[in-house]
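Open the model in a viewer and keep the sequence panel beside it. The stops below are given in the order in which to select them.

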Amino acid sequence: MKSVCKVAVELIRSRRAHSSASARPLGDMCKELKTKVLRLLPPTSNGPCVHRESQTDGAEILRCTVKALKEGHVVGVPTDTIYGLACLAQNSEAIRKTYNIKGRNGHNPLAICVGEIQDIYKYCNVKVKAELLDDLLPGPVTLVLERSEVLNKDLNPFTSIVGVRIPDHVFMRRLCQMCAEPLALTSANISSRTSPLAVNEFQELWPKLAVVVDGGPIGDQSRLGSTVVNLSVPGKYSIIRTGCALSSTVDVLELKYGLTEEPWENEPLKSPNSTSHAETHTKR
């Protein structure tokens, strides 16, 4: 009888402890846990919301993710193409962490992600019409442009160009806006492995990340990632990776703006026959 009572007391204590933990603010839990997995539910009339240990809204997920990024951590995030790893592009130590997490060759470049088209002009030297950017972004396209002096020199120091993305994804665009600086973005996988369309597909990386944002399964089952196009040469374009939006992208470039295609010959940025983003600017 005594042992039964003892078990009952421990069970009550355990339930109280669990209840107390569930009632803690999300911010406190972010501090306590090494990796926080936060589920971003579909938008409602009141905006995005989440459901895990605590009932909070999308603003709390953004706050927690921004805090992790500002502290120099790497996070897992959804985009409009696949799941990615993100860190602050201007933080050299965070860039090194990203390469270490992926086990990626340091000579394979990372793309940057910004929230607004106007941000591209700060970090890149744009040689195409502004209307062209408006026609392609936001969307599943990575534009490779000449980098500006403002961009962190430790990000892809071996090349004068950089891929830039604005995903057609409300959370990602808002995240960039709140960080007020570009994110370095790459696929959330070990180099050479399949690009993930759901958070459980890169679960082995979770312990190395501060936050994982679960946006649910991503609809594009092709895993092709964004179409990567070089626009650093005036009047010309080169397809670096076909990606998932090749046809529509080429139509815009050729039919509307009269650009001429030329072969892509920059060897460090070529993509081998692989489903991974790891060998190109990004499969983001």
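One definition is needed from the start: a residue is buried under 20% relative accessible area, exposed over 50% and partly exposed in between, with a 1.4 Å probe and protein chains only. This is a predicted model, in which local features need pLDDT of at least 70, side-chain atom pairs count only at pLDDT 80 or more, and totals for chains, interfaces and linings use all residues. Residues are numbered from 1 along each chain as its sequence is written, and side-chain values use heavy atoms, with hydrogens and water left out.

**Whole chain**

Colour by pLDDT, the predictor's confidence in each residue, from 0 to 100. The chain mean is 82, and 75% of the residues reach 70 or more. Select residues 1-33: pLDDT stays under 50 there, and the model has 20 contacts beyond four places in sequence for this stretch, a contact being heavy atoms within 4.5 Å. Then select residues 44-56, where the pLDDT is again below 50 and the model has 32 contacts beyond near neighbours in sequence. Where pLDDT is low, the predicted coordinates should not be read in detail.

Switch to cartoon. The chain has eight helices and 12 strands; helices (H or I, at least four residues) and strands (E, at least two) are DSSP runs, numbered from the N terminus. Of the 284 residues, 51% are buried. Among contacts between residues at least 6 apart in sequence, 65% join residues at least 24 apart.

**The largest core**

Next, select Ile120, Leu143, Phe202 and Leu231. In the largest nonpolar core, which has 51 residues, these four touch the most other members. A nonpolar core is a set of buried Ala, Val, Leu, Ile, Met, Phe, Trp, Tyr and Cys residues joined through side-chain atoms within 4.5 Å. Elements that each supply at least two residues of this core include strand S3 (83-88), helix H5 (117-123), strand S6 (141-147) and helix H8 (246-256). Helix H4 gives the most, with four residues.

Centre on Ile120 and show its surroundings. Beyond four places in sequence, Ile120 contacts Val114, Val126, Leu133, Leu137, Leu145, Val164 and Ile166. A second, separate core has 23 residues, among them Leu40, Leu62, Val75 and Cys179.

**Helix H7**

Select residues 170-179, helix H7. Which of its residues are buried? They are Phe171, Met172, Leu175, Cys176 and Cys179. These lie on the same side of H7, because they cover an arc of only 135° around the axis, the arc being that of the directions from the helix axis to the C-beta atoms. The packing partners of the buried residues include helix H3 (58-70), strand S2 (75-78) and strand S9 (211-214).

Step on to Ala180, which follows H7 and lies in the loop between H7 and S8. Ala180 has a positive phi of about 60° although it is not a glycine. With a relative accessible area of 62%, Ala180 is exposed.

**Two further backbone stops**

Most residues other than glycine have a negative phi, and most peptide bonds are trans. Select Asn156 in the loop between S6 and S7: its phi is positive, about 50°, and it is not a glycine. Is Asn156 buried or exposed? Asn156 counts as buried, at 2% relative accessibility.

Now select Leu137 and Pro138. The peptide bond between them is cis, with omega near -5°, and Pro138 lies in the loop between H6 and S6.

**Leu231 and the strands around it**

Return to Leu231, in the loop between strand S10 (227-230) and S11. Its relative accessible area is 0%, so Leu231 is buried. Contacts of Leu231 beyond four places in sequence include Val128, Leu132, Leu143, Tyr237, Leu253 and Leu259.

S10 and S11 pair in the antiparallel sense over three bridges; two strands pair if DSSP finds at least two bridges between them. Show Val228 with its bridge partner in S11, Arg241. In this hairpin, which has five residues between the strands, Gly235 takes a positive phi near 80°. Five of the six residues of S11 are buried.

Finish at strand S12 (residues 260-261), which pairs with S11 in the parallel sense over two bridges. Tyr237 has Glu261 in S12 as its bridge partner.
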